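Please read this briefing beside the sequence and the structure, and find each residue in the picture as it is named.

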Amino acid sequence: MKITVVGTGYVGLVTGTCLAEVGIDVTCVDIDVKKIENLNKGIIPIWEPGLEPMVKRNFEAGRLHFSTNLSEVLAGSKVVFGAVGTPPDEDGSADLKYVLEVAREVGRHMTEHLVMVTKSTVPVGTAEKVRTALQGELDKRGSDLKFDIASNPEFLKEGDAVSDFLKPDRIVVGVESQKAEDIISKLYKPFTLNGHPVRL
Ligand SMILES: NC(=O)c1ccc[n+]([C@@H]2O[C@H](COP(=O)([O-])OP(=O)(O)OC[C@H]3O[C@@H](n4cnc5c(N)ncnc54)[C@H](O)[C@@H]3O)[C@@H](O)[C@H]2O)c1
């Protein structure tokens, strides 16, 4: 399966690398050109036990790619994770501008059905905003392409992120269709063989 992770920060890089480790074809995208250039040279922006060798191994195996160009990498992606930052707004609530910009960009460039998964930490009701933002761009294109949205909050701890991702005690995903459930269950299957469930 081919997927795209948008936002190659702490959560995006760990998520993308751990999914590549179990055989998924992953492209991590970021608007930070220097970060992507460095990753393509094997320079990792964060320190996390086990991450650096895993990034290198999967990059060299051709399962993990880094890009600044979402429009070029979306084709064929069954799942797009949004893992961009949600800095506190003036009133302390999460600022969704990056999350919604990713949804709009996906709407502008997607070419086939995909599941748009929000991994950023966001308030209740964000999924509807993501749907509206993405659909708005499809409407502007006059496109009748279909998509699903899903929520998959991340609980990893800095300092133990790789281990938390590879050995989760549960994975929590909110989906709205059987199709999205099937795709997400397949994606996470290697992590649930230990008997720990995906909660859908
Ligand atoms: N760091 C953690 O331990 C942790 C744990 C659980 C959840 N979270 C949540 O996950 C989300 C991401 O956190 P993080 O720590 O990985 O953030 P981060 O700041 O490390 O990374 C976010 C990345 O997104 C990129 N970005 C912003 N807009 C973009 C766009 N339009 N297209 C592509 N890339 C874009 C930025 O350049 C940056 O590299 C936040 O909502 C955070 O609250 C973080």
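Helix H6 has 16 residues and reaches 23 Å from its first C-alpha to its last, close to the 22 Å expected at 1.5 Å a residue; the expected span of a helix is 1.5 Å times one less than its number of residues. The model is a predicted one, in which local features need pLDDT of at least 70 and side-chain atom pairs count only at pLDDT 80 or more, while totals for chains, interfaces and linings use all residues. Residues are numbered from 1 along each chain as its sequence is written. Helices (H or I, at least four residues) and strands (E, at least two) are DSSP runs, numbered from the N terminus.

- An α-helix has 3.6 residues a turn, so residues three or four places apart point the same way.

**Helix H5**

- The 13 residues of helix H5 (residues 97-109) should span 18 Å at 1.5 Å a residue, and its end C-alpha atoms are 18 Å apart, which agrees.
- Val99, Val102, Ala103, Glu105, Val106 and Gly107 are the buried residues of H5, and what covers them includes strand S1 (2-6), helix H4 (70-73), strand S4 (79-82), strand S5 (114-118) and helix H6 (126-141).
- Arg108 also has its place in helix H5, but Arg108 is partly exposed, with 17 other C-beta atoms within 10 Å.

**The surroundings of the ligand**

- The ligand is surrounded by 24 residues, of which the closest are Gly7, Gly9, Tyr10, Val11 and Ser120; a residue counts as near if its C-beta atom, placed from the backbone, lies within 6 Å of the molecule.
- Helix H1 (10-21) and H5 are the elements that give two or more residues to this shell.

**Two single residues**

- Asp30 lies in the loop between strand S2 (25-29) and helix H2 (33-40), and Asp30 is buried, with 23 other C-beta atoms within 10 Å.
- Asp30 and Gly7 are 23 residues apart in sequence and 4.9 Å apart in space, C-alpha to C-alpha.
- Leaving aside its neighbours within four places in sequence, Asp30 is in contact with Gly7, Thr8, Lys35, Ile36 and Thr68, where contact means that the C-beta atoms of two residues, placed from the backbone, lie within 7 Å.
- Lys186 is found in helix H8 (residues 178-192) and is partly exposed, with 13 other C-beta atoms within 10 Å.

**The whole chain**

- The chain has eight helices and eight strands, and buried residues make up 37% of its 200 residues.
- Residues 24 or more positions apart account for 71% of the contacts in the chain with a separation of 6 or more.

Note on methods
A residue is buried if 20 or more other C-beta atoms lie within 10 Å of its own, exposed if 12 or fewer, and partly exposed in between; C-beta atoms are placed from the backbone.
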